[in-house]
Amino acid sequence: MAIQVLPATGRWDDFATFMVPRTAGAGGCVCMSYRDARLPMPERIDYMHHECSTEPGPGVLVYADREVAGWCSVAPKSTYRRLMNSRTIPHLDEELDPWSIVCFVVRGGFRKRGLMHDLLDGAVEHARASGRGCWRATRSRRAASGWM
């Protein structure tokens with residue numbers, strides 16, 4: 001299985017295939033939960049469409065044999081409203097605008113193949129390629145076993 005992790009910039013159609021609801025009026029986060037969950041669905045979609053057209057983009061996509069298989073939201077912390085307004089997450093190194101990873105999604109049919117590792121490696125490489133060296137990892141009390 002050939003694996004490739006690429007920035008979502010310029011890849012809206014691939015992002016939308018599994019991150020945007022397929023029916024009008026359907027719910028979902030469109031990976032906006034940490035960015036701005038107050039927005040209604042049409043505005044969430046427009047926001048992410050715009051983000052996928054600008055640098056550094058909202059995250060990375062993983063491809064397995066040229067088919068989009070997953071997503072990782074990785075971007076400067078300042079782009080995540082929920083992190084910036086948090087009263088429980090320490091605000092350290094803010095002047096460096098550390099990058100944060102807040103979401104992983106692996107499509108059904110591609111799970112249990114280790115793609116999360118590829119997504120994490122790709123997210124770190126994407127941030128490095130964007131000139132970022134400062135990272136923050138925050139333990140989530142809601143996550144069953146890990147880091148957010």
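Tutor: W12 has a relative accessible area of 15%, so it counts as buried, the cut-off being under 20%. This is a predicted model. F15 is buried because its relative accessibility is 0%. W12 and F15 both belong to helix α1 and are 3 residues apart, about one turn of the helix. An α-helix has 3.6 residues a turn, so residues three or four places apart point the same way.

The structure holds 2 aromatic pairs. In one of them, W12 and F15 are tilted, at 5.6 Å centre to centre with 35 degrees between the planes. The other joins F15 to W71 edge-to-face, at 4.8 Å centre to centre and 75 degrees between the planes. This second pair links distant parts of the chain, since F15 is in helix α1 and W71 in strand β3, 56 residues apart. Both F15 and W71 are buried. Through these ring pairs, W12, F15 and W71 form a cluster.

The surroundings come next. W12, F15 and W71 are among the members of the largest nonpolar core, of 25 residues, that touch the most other members. Two or more residues come from each of α1, α3, β2, β3 and β4, and α1 gives the most, with 5 residues. The buried residues of α1 include A16, F18 and M19, and the buried residues of this helix pack against α3, β2, β3 and β4. V30 is in contact with F15 and M19, and also with M41, R44, I45 and M48, among others. Another core, of 14 residues, lies apart from the largest one and includes V62, C72, V106 and L119.

Key. Residues are numbered from 1 along each chain as its sequence is written. This is a predicted model: local features need pLDDT of at least 70, side-chain atom pairs count only at pLDDT 80 or more; totals for chains, interfaces and linings use all residues. Side-chain values use heavy atoms; hydrogens and water are left out. A nonpolar core is a set of buried Ala, Val, Leu, Ile, Met, Phe, Trp, Tyr and Cys residues joined through side-chain atoms within 4.5 Å. Buried means under 20% relative accessible area, exposed over 50%, partly exposed in between (1.4 Å probe, protein chains only). Helices (H or I, at least four residues) and strands (E, at least two) are DSSP runs, numbered from the N terminus. Contact means heavy atoms within 4.5 Å. Rings of Phe, Tyr and Trp (its six-membered ring) pair if their centres lie within 6.5 Å; planes under 30 degrees apart count as stacked, over 60 as edge-to-face and the rest as tilted.
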